Amino acid sequence: MEYKSVSGNPLSYLKYTRLKVIAFGFGLLLLTGSCASSGSSTPKQGGKAIPAAEISFTKQVLHEEFIAEGVAVGDVNRDGKMDVLAGAYWFEAPDWQKHEIAQPEKFFYDKGYSNAFVSHAMDVNFDGWVDFVRIGFPGKEALWFENPQKKGGHWPVHKIHDAVGNESAGFYDVDGDGKMDLLGGNSTNGQMTWFKAPVSKNDLTWQKYPISKEKSPGSEPFSHGLGLGDMNKDGRPDVIIKEGWWEAPVDRTQPDWTFHPANLGEACAQMYVYDFDQDGDQDVVSSSAHNVGIWWYEQTQNEQGISQWTRHLISDKFTQTHSLALLDINQDGHPDLLTGKRYFAHMGKDPGEYEPPVLYWYALKPGKIPTWEPHLIDDNSGVGVHVVTQDMNHDKLTDIIVANKKGIFVFTQAKK
């Protein structure tokens, strides 16, 4: 592995490693036996697929200390380059010079957690500069940090809500207006809630809209499994948890959405909706947060027309798949999976936590019996509580950005 000094920051180093994507020796996985959608790329239709053997990634290590388990990307300084934001810092592309957003705190990977989980970059206040939105420890506050433009110093901080629950809470376009909102549990009263992002520079309030009744499943601080996807194919994205889904009304600001119970498995990561078996109805995919398993749940209907869910295993080769993305990596028009092991999720107390923190993508071949072909990206990074995918260098290839207890990583995709 080669180390190169970073210009303008002699105390930092980058690790560059050309990583050929490697398929498991056991070949194509068949589904024999099966928590829906945020942060995923829309599959491209009609393009030429890239053979898996021609896909590789360059690994860059931006930081080697534990500062966050969530990450965001955006052009912070408006120089046309995508920067990385995590925890109390932003890292300036292309050399990843570190700048403080807030006063840093010291965190220890084997003793606890950070105050920065799922994160997102967006222009909250309509001033043309990218701000940083950050969910803290589960059940704690969600904040947004105002980009000071080029004034320097720590960023002014604003509170969105006191207590956001569910470890897969995150940023979704709930009402379809093209701007990401915050979706999660309101841990003060146990309601699943979405917080609408500001729509005017004259009112920067994040409006709060309850979805469920109080004390509902999925809303507690340490609930796992959450997603947004059109379960009933009515054109409106529904809110999914592992216990079922809330049907989105025409007016998404209306309270008490209709809940449809469903058994969508154990504590899981982000949840996605897609018709994997191409039978005309929606299925669900997710991965185990603290145990083992990546699954898809096949939807069928019984004689009464009631939905039934059958679990099929995709992979059980590693544990702690606390983060999952659905996106078309090989550009064949079908959404692939991206996940990995969350390093030291519970300080060594979960199954397999001392095994290598791997990062994988799984190429989907849909059909009556869908298959997923696994490809290793890296074995010394893994994922955090979410994984970000973005074309960082404008080459029309999807790159991968990760923050976790191992550090901060950017994997830049290339074709042979």
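## Basis

The model is predicted: local features need pLDDT of at least 70, side-chain atom pairs count only at pLDDT 80 or more, and totals for chains, interfaces and linings use all residues. Residues are numbered from 1 along each chain as its sequence is written, and side-chain values use heavy atoms, with hydrogens and water left out.

## Nonpolar cores

A nonpolar core is a set of buried Ala, Val, Leu, Ile, Met, Phe, Trp, Tyr and Cys residues joined through side-chain atoms within 4.5 Å. Buried means under 20% relative accessible area, exposed over 50%, and partly exposed in between (1.4 Å probe, protein chains only). The largest nonpolar core has 36 residues, and Leu337, Leu338 and Ile400 have the most contacts inside it. Strand S28 (residues 359-365) supplies the largest share of this core, 6 residues. Strands are DSSP runs (E, at least two residues) numbered from the N terminus.

A second, separate core holds 32 residues, including Trp90, Ala116, Val130 and Phe145. In soluble globular proteins, nonpolar side chains tend to be buried together.

Contact means heavy atoms within 4.5 Å. With neighbours within four places in sequence left aside, Leu337 is in contact with Val285, Ile294, Ile314, Leu324, Ala325, Leu326, Tyr360, Trp361, Tyr362 and Trp372.

## Strand pairing

Two strands pair if DSSP finds at least two bridges between them. An open sheet of 4 strands runs in the order S10-S11-S12-S13, with antiparallel pairing. Its edge strands, S10 (119-122) and S13 (157-161), each pair on one side only. Neighbouring strands of this sheet are turned by 20° against each other on average, direction ignored; the axes are lines fitted to C-alpha atoms, and angles run from 0 to 180 degrees between N-to-C directions. S10 and S11 (residues 131-135) are joined in the antiparallel sense over 4 bridges. Ser119 has Arg134 of S11 as its bridge partner.

S28 and S29 also run antiparallel, joined by 7 bridges. Lys365 stands opposite Thr371 in S29. The hairpin of S28 and S29 has 5 residues between the strands, and there Gly367 takes a positive phi near 155°. Strand S29 (residues 371-378) is mostly covered, with 7 of its 8 residues buried.

## Thr321

Thr321 lies in the loop between strand S25 (307-319) and strand S26 (324-327). Thr321 counts as buried because its relative accessibility is 0%. Its side chain reaches the backbone oxygen of Ser288 at 2.7 Å, within the limit for a polar contact (a pair of N or O atoms within 3.5 Å; within protein, one must be able to donate a hydrogen and the other to accept it, and residues adjacent in sequence count only if both atoms are side-chain atoms). Not counting residues up to four places away in sequence, Thr321 touches Ala269, Ser287, Ser288, Ala289, Gly293, Ile294, Thr339 and Gly340.

## Aromatic pairs

The structure holds 20 aromatic pairs. Rings of Phe, Tyr and Trp (its six-membered ring) pair if their centres lie within 6.5 Å; planes under 30 degrees apart count as stacked, over 60 as edge-to-face and the rest as tilted. Tyr113 and Phe137 form a tilted pair, because their centres are 5.6 Å apart and their planes stand at 55°. This pair links distant parts of the chain, 24 residues apart: Tyr113 is in the loop between strand S9 (97-100) and S10, and Phe137 is in the loop between S11 and strand S12 (142-145). Tyr113 counts as partly exposed at 26% relative accessibility, as does Phe137 at 25%.

Phe344 and Tyr354 form an edge-to-face pair, 5.2 Å centre to centre with 80° between the planes. Both lie in the loop between strand S27 (336-340) and S28, 10 residues apart. Phe344 is buried at 6% relative accessible area, whereas Tyr354 is exposed at 66%. Tyr109, Tyr343, Phe344 and Tyr354 form one aromatic cluster.

## Backbone exceptions

Most residues other than glycine have a negative phi, and most peptide bonds are trans. A cis peptide bond joins Ala93 and Pro94, with omega about 5°. Pro94 is placed in the loop between strand S8 (89-92) and S9.

Gln278, which is not a glycine, has a positive phi of about 55°; it is found in the loop between strand S22 (272-274) and strand S23 (283-287). Met347 has a positive phi near 55° and lies in the loop between S27 and S28.
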